[in-house]
Amino acid sequence: MATLDLAGKTALVTGAASGIGRASALAFARAGADLVVCDLNEAGLEETAGMIRGLGRGVLARRVDVASREAMGAFAAEVHREREAVDVLMNNAGVGLGARFLETPLEDWEWILSINLWGVIHGCHFFIPPMVARGRGGHVVNVSSAAGYFATAQLAAYSTTKFAVFGLSEVLREELLPHGIGVTTVCPGLINTPIVATSRLRGRAASPGARQFAIDAYRRRNYGPERVAVNILKAVARNRAVAPISPEAWAMYLMKRFAPRLTARLNRALAARMERAMAASDAHASASSSGAALGS
Ligand SMILES: NC(=O)c1ccc[n+]([C@@H]2O[C@H](COP(=O)([O-])OP(=O)(O)OC[C@H]3O[C@@H](n4cnc5c(N)ncnc54)[C@H](O)[C@@H]3O)[C@@H](O)[C@H]2O)c1
């Protein structure tokens, strides 16, 4: 089985303060890499950096907003003062938005595009050219989503950003092939991280019951970011173009490719089921709160 030996190499992970980014940074460190990590969440990032140091690896940790061209440019300049190029670039930082198209204000479009798409473009723009110039290959990991090939109406803008990341990665894979740089698009599935709790929710999805329903569903699914990280390292070692991770991500990937009409029907059925479950969760939440009010 292919394993990754990153001794003497540098891996960069954006959004490394939490979830998949933190787990992947630690997995790269265990594979021997020194790390460059960034995030907006300084406290979480410092915890990650401490864990990396605990594994005996070097780490440069900076508070950087991936959506900011200036901040990413300055970050890249600092990183490249100490090393010619990074060996692994993982564009992972991302945010969630649960909203249908008709419920999505333009401000939300700008916000999510700036992080989930521009963040990846910035990472690629500032860190790939030095990899190419150095001429010793490398690997780019872009974190898309199962929502990057299986669009659901409830994730209109999120899905749009993840389809775009999927497409960008496919483009890069062709362009970077002659330079010995591999590109992997990661599509995790339902992974138990804080992203559901911190996602923006609009319209029907914005009720407290609906958010709790989503948090419970991810918790019950209980597929942790550490398992994602193990699979990401395997995908990099094998230079996989696309890496669906959890079984449901795989199922959606294969269905979309080989049975698109069935996929569309299933998609509608799943959406209807989710609507019913959210309504039930809301009804339960308001019954509990009116019960509490009567009791007070
Ligand atoms: N958890 C899932 O089920 C799931 C599924 C598919 C795809 N993903 C993708 O995986 C990636 C990681 O998500 P996660 O589940 O680990 O969530 P998470 O919330 O645990 O981690 C995301 C990290 O990105 C950081 N971040 C957000 N905006 C940033 C910005 N502007 N600049 C720098 N850092 C920023 C956050 O502070 C956080 O630490 C995201 O791109 C997400 O869309 C997650």
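Modeller: Happy to! Helix α5 runs over residues 156-176, and at 1.5 Å a residue its 21 residues should span 30 Å; the end C-alpha atoms are 30 Å apart, so the two agree. That expected span is 1.5 Å times one less than the number of residues, and helices (H or I, at least four residues) and strands (E, at least two) are DSSP runs numbered from the N terminus. This is a predicted model, where local features need pLDDT of at least 70 and side-chain atom pairs 80 or more, while totals for chains, interfaces and linings use all residues. Residues are numbered from 1 along each chain as its sequence is written, and side-chain values use heavy atoms, without hydrogens or water.

Among the buried residues of α5 are Tyr-158, Lys-162, Val-165, Phe-166 and Leu-172 (buried: under 20% relative accessible area, 1.4 Å probe, protein chains only). The buried residues pack against elements including α4 (106-134), β6 (138-143) and α9 (247-258), with contact meaning heavy atoms within 4.5 Å.

Around the ligand there are 29 residues, and Tyr-158 is among the closest, as are Ser-18 and Asp-39 (near: a heavy atom within 4 Å). Lys-162 has a polar side-chain atom 2.9 Å from a ligand oxygen, and a backbone N or O atom of Ile-191 is 2.8 Å from an oxygen atom of the ligand. Taken alone the ligand exposes 820 Å², of which the protein buries 94% (Shrake-Rupley areas, 1.4 Å probe). Both α1 (19-30) and α5 give two or more residues to this shell.

Note on methods: Buried < 20%, exposed > 50% of the residue type's maximum accessible area, 1.4 Å probe, protein only. Polar contact = N/O pair within 3.5 Å; in protein donor to acceptor, adjacent residues only side chain to side chain.
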